[in-house]
Amino acid sequence: MSRLYAIGFLALAAVLVAVPLASDNEYELRLFMLFLIYAIIAVGLNVLIGLAGLVSLGQAGLFALGSYTGAITTTRLGFDMVGAGLTAAIVAGLFGALLAYPTVRVRGVYLAVVTIAFGLIVENVAIEWQSLTGGTTGITSIPSPNVFGLRLSGYAYYGVLAVSLFLLVAAAHNLKGSRYGRGLLAVAQSETAARALGLDPTALRTLAFVIASVTAGVAGTYYAFLNSYISPDIFTFTDSIRFLLMVILGGAASTFGPVIGAYILTYLPEYLQEFAVWQKFAYGALLLVVMFVLPRGIMGSLGALRSRLRPAARAIAATDGIDARTTLAREASEQQAELVARDLTVRFGGLTALSEASLRVKPGEVHALIGPNGAGKSTFINTISGFYRPTAGAFELDGIQLTGMASHEIARAGLARTFQNTELFGEMTVLENVMIGGQQRLRYGVLASILRTPAMRREEAHCRQAAIGLLAFVGLEGYAYEEARFLPFGLQRRLEIARALAANPRLLLLDEPAAGLTTQEIDDLEAMIRRVADLGISVLLIEHHVELIMAVADTVTVLDYGQVIASDTPAAVQADPRVIEAYFGTSGATHAPAEVPA
Amino acid sequence: MSTVAQYVLSGLAIGGIYALVALGFHIMWSAARAVNFAHGDTLMIGGLLAAYLVASGWPLALACALAILVGGLFGFVLERLAVRPFAHQPNSIGWMLTTIAVGIMVESYATIETQGYALPLPSPGVAGSVQILGAGLYPQELAIPVLALAAMLGLQALQRHTLIGRAMQAVAHNKNAAALMGINVDLVVAFSFSLASLLGAAAGVLIAPVVQASATMGLLPGLKGFAVAIMGGITSAPGVVITGLAYGVIEKFVEGYVSTAAREIVGFSLMIVVLLAFPQGLFGKREVAKV
C-alpha cells in the first residue's frame, strides 16, 4: 500500500513539474495556478470532511477572509507575501476556532449551519465596510508576489504554489496516519466509544476545522496575489459548494482525491460555458449524483475496487507484537486501583434510578455488580464513566475526585470500559480499534505528525506492537486487518476488552460482557477476566450470568430499585435473604414498581 | 414610542416566520435526528407557487392551499429520496449533502424560471395598513406571530391527543423502543417531514405578500430559522417559537438603529454566544446518550 502512495506522490510531483514546461500560453498556466489554489483548499477541507465527518459550507467565507487579510496587509501595511500569508493563516485559524468550538461541542450538524451563516456575513462585511475592503469594487492594485523584498516572476510564483500544494498533500497524508487522523475517524464513527477511551471529540473536531480554515486562509492570500484584484462577488455560497464537491467527488478521506476533484471542478466550468445560467443547477445535480453513484468519490471507489480484487491478508503474526503481560504489567511499587463511590444518586426527571448507592472496589479485586433488570446497574456504570451526571454523591479513583469530570477525563484517569451493546469503530480494522485504545498514551504533537519525526514513528511503532500483543492476549491476531463490523458478535466483545485494555487502565469496567455469548465463549471470558486480574488491574463486572460471577468475583454487590442491598463475598451474598427476595420475590410482597431503564 | 412599537410589531411579524421555520426543524429533528437542509426552499416553493397561481388567475385561497400542499409534498419526497437512504449512517454527511444538493437545484431552477425577478402576491392582508401605538403595519404582519403561536399549540395538541402525535413523541424519545412497540417509525418520520414542510410552505405563503415572492426568498429565513432552532433548543417546540419571535424583534432594532449588515452580524454573533453559554439552547434539554 505504501508503495502505491509513493507512486502517487511521484506522479503528483511529475505533473507539477511538467505542466509549466508544457503550457503554451500564460492563460493556461494561470488557470493551472488557480487549480493549485483550489486544490489547497480542498486538501484542507478533506481533513474536516474525510476524517472528522463534518461539513463546512462556508469555505468561501474563510477563503475570502484570507484573501482580504492578505490584500489589506499588503496594500496598507506593506507586508510581503510571507507576512501576509502568515497573518491570513492566523486570522482564519482564529475564526475557525471561534466558530468550531462552541458548535461541535453540541452537535456536528450545527457546523454546517454556522459556516453557511459565516460565509454570508463575510460577504456582507466585505460589501459594507467600504473604508477597509473597498466595498463592491473590492481591492485593486495588489502588488505582484514578493518574498523578503524579492519580486517573484510568474514561474517563481507557480513554484511557490506547486511546492505548497505538494507539501500540504504530504502533510495531510501524514496526519491521516497519525494519532490525530485515527482519533478523528474514531470520533466520527462512535463518539461514545471515543470518549470512553479518553479522546476529546470537541478538541479533535475543532482542530480539524482549524486546519481547514488555515489552509483556506492561506489559499485566499495566494489567490489575492495571483489575481492582484479581489472583490466580494468572487466568494459566494456557490463557491463553498464547489469546494465541498471537490472533496466528495475526488474521494473524502483519500490522499489524492481532493486534488483530482479540484482539477475536475476547475476545468469543468471551462467546458460548461454554454450552460451559463444552469451552472449552479449542474453543481447541485452533480453533488446529488455523486452521493448516490459514487458516495466514496473517485479515489475511494478505486480503493474499494482494488481491495476487492486483491484482498489484503487478515491475520498478523503475533511475534510482531509486544506481549500484553509486558505492556500491562505494573511496577511492583505501584498501588492497585481503588474505586470508591459514596451515596450516588441519579434521577431522570421524577425517576430515581440510583438512590444513595455506595460501593467500594478494593485494590486488585474482581468486583461484581448484580441486580435484577432495572436495578440501576447500567446507570451506575454510566455515571462513574462520566456519561451521566449524578444528582448527588461523589466517586473517586485512588482519592482522585472524578465527580463532574467529562468521560474522556475519567478515562484518562485510568478507568476503561466496555459497552453492553458493543460500540466498536466499525469501519476501522480490528488492529486500529485497539490502537485507538492506546491513543492517550501517545505524546507526539500535530507538528510531529505532519513531519513524521523519528520520535513520532517510534511511538507509533510501539503503540502498534502493544496493540498486536493485546490482540494475541484476547486471541484475535487472526483478524487484525478485518474491519471490526464484520467480526462475529462474540469476537466483537473480545475486541472491546482488548481495546479497553490498550488504554492501560487501572480499573476495567465490563458492562455485561457475557450477554449473548455461548457457553464455550463464557468459559474463555472467565479465563480472560482472571488473566486481567492477575495483571493487577481491578475489575468491576456487571453481569447476570451467576456462574461466571461465582467463579471470578471476589466481592459481589447487589443493587435493587437503585439501592445497594448487599455487598459481600459471593457465598454470603448468595445466602442473603434480601437478595433472594429481590430475585425471586416473596409471597405477598408488593413492591411499588419503579422500573428504571436498563 | 411609535418607533419602538414599530420595531417590536414588525419584528414579531418576521420573527413569526422564523418561528414557523424553526418549528419545522424541531419536528424533523425530533423524529429523525436529521433535518432537511433545503427547508428554506420549501418556504420559497410555497410563496412563489402561490404568487404564480394567483398571477395565472387562480382564486387566492385555492392558490395558497395548493402551494402549501405542494410544499408538504416536497418535504415528503425529499425525506424518502434524500434523507432515508442515509439515515442509518453514523455521521450526518449523507443526508446533509443530498438535501443541500436538492436545495441548490430547486433554488437555481426557480431563479431561471423567474429570471431573478420577484413576484407580488396580492392579499387582503396587505390591502391597507393599520395603526397601533403609532406604528403602521399590514394586518398580514399582525397575523403571522399569532399563527406561529397557533401552530405551536396545534402541534402540542396533536402530540397529546392523537395517535400519530403520540407516536411522534415515542419516536423522538427512542426510535428502537418505538419500533418494538409496533410503531411504524418510517411512517412517523415521513409524516414529520411532511408536517414540517407544510409549516414551512405556509410561512412562505404568509410572508410573500409582505416581501414579494422570489427564488431566493427562502435562503435567509431558512438559515435564520435553523439558527433560531439552535438557540432556542432544537428539542423544545415552545422554546424555538419564543426564540424565533424574540430574534425577529432584536433584528428589527439592530436594523433600525445600526444597519442591515449589522443585523446579520449581531444575529449571528448572538447565536455563537448562546451556544457558548447554553450548549443545549435556551430551552433545550440535554439529550442523555444511552450507552
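Reply: Two residues are in contact if their C-beta atoms, placed from the backbone, lie within 7 Å. Helices (H or I, at least four residues) and strands (E, at least two) are DSSP runs, numbered from the N terminus. By that contact rule, L78(B), A82(B) and V83(B) in helix 3 of chain B meet W95(B), T98(B), T99(B) and V102(B) in helix 4 of chain B. The model is predicted, with local features requiring pLDDT of at least 70 and side-chain atom pairs pLDDT 80 or more, while totals for chains, interfaces and linings use all residues. Residues are numbered from 1 along each chain as its sequence is written, and chains are lettered from A and ligands numbered from 1 in the order in which they are written.

Me: Why are helix 3 and helix 4 of chain B called oblique to each other?

Reply: Axes are lines fitted to C-alpha atoms, for helices over the stretch in contact, and angles run from 0 to 180 degrees between N-to-C directions. Angles under 35 degrees count as roughly parallel, over 145 as roughly antiparallel, 65 to 115 as roughly perpendicular and the rest as oblique. Helix 3 (residues 60–83) and helix 4 (residues 93–114) of chain B pack at about 130°, with their axes 9 Å apart; the two helices are therefore oblique.

Me: Which helices of chain A supply the side that touches chain B?

Reply: The contact takes 39 residues from chain A and 31 residues from chain B. Helix 4 (81–104), helix 5 (109–128), helix 8 (179–189), helix 11 (237–250) and helix 13 (279–293) of chain A each supply at least two residues of that side of chain A. Helix 5 of chain A gives the largest share, 11 residues. By class, the side of chain A divides into 26 nonpolar, nine polar and four charged residues.

Me: Which residues make the contact between helix 3 and helix 5 of chain A?

Reply: The axes of helix 3 (residues 59–77) and helix 5 of chain A come within 7 Å and cross at roughly 35°. A60(A), G61(A), A64(A), L65(A) and Y68(A) of helix 3 meet F118(A), G119(A), V122(A) and A126(A) of helix 5. The classes are seven nonpolar, two polar and no charged residues.

Me: What makes strand 4 and strand 7 of chain A edge strands?

Reply: Two strands pair if DSSP finds at least two bridges between them. The open sheet of four strands in chain A has the order 4-3-6-7, with antiparallel pairing. Strand 4 (351–361) and strand 7 (400–401) of chain A each have a single partner strand, so one side of each is left without a neighbour in the sheet.

Me: How many bridges join strand 3 to strand 6 of chain A?

Reply: Five bridges join strand 3 (residues 339–348) to strand 6 (residues 392–397) of chain A, and these strands run antiparallel. V340(A) stands opposite E396(A) in strand 6 of chain A.

Me: What is the order of the open sheet of six strands in chain A?

Reply: The order is 8-9-10-5-11-12, with mixed pairing. Strand 8 (415–417) and strand 12 (563–568) of chain A are the edge strands, each pairing on one side only.

Key: Nonpolar A, V, L, I, M, F, W, Y, C, P; charged D, E, K, R; others polar.
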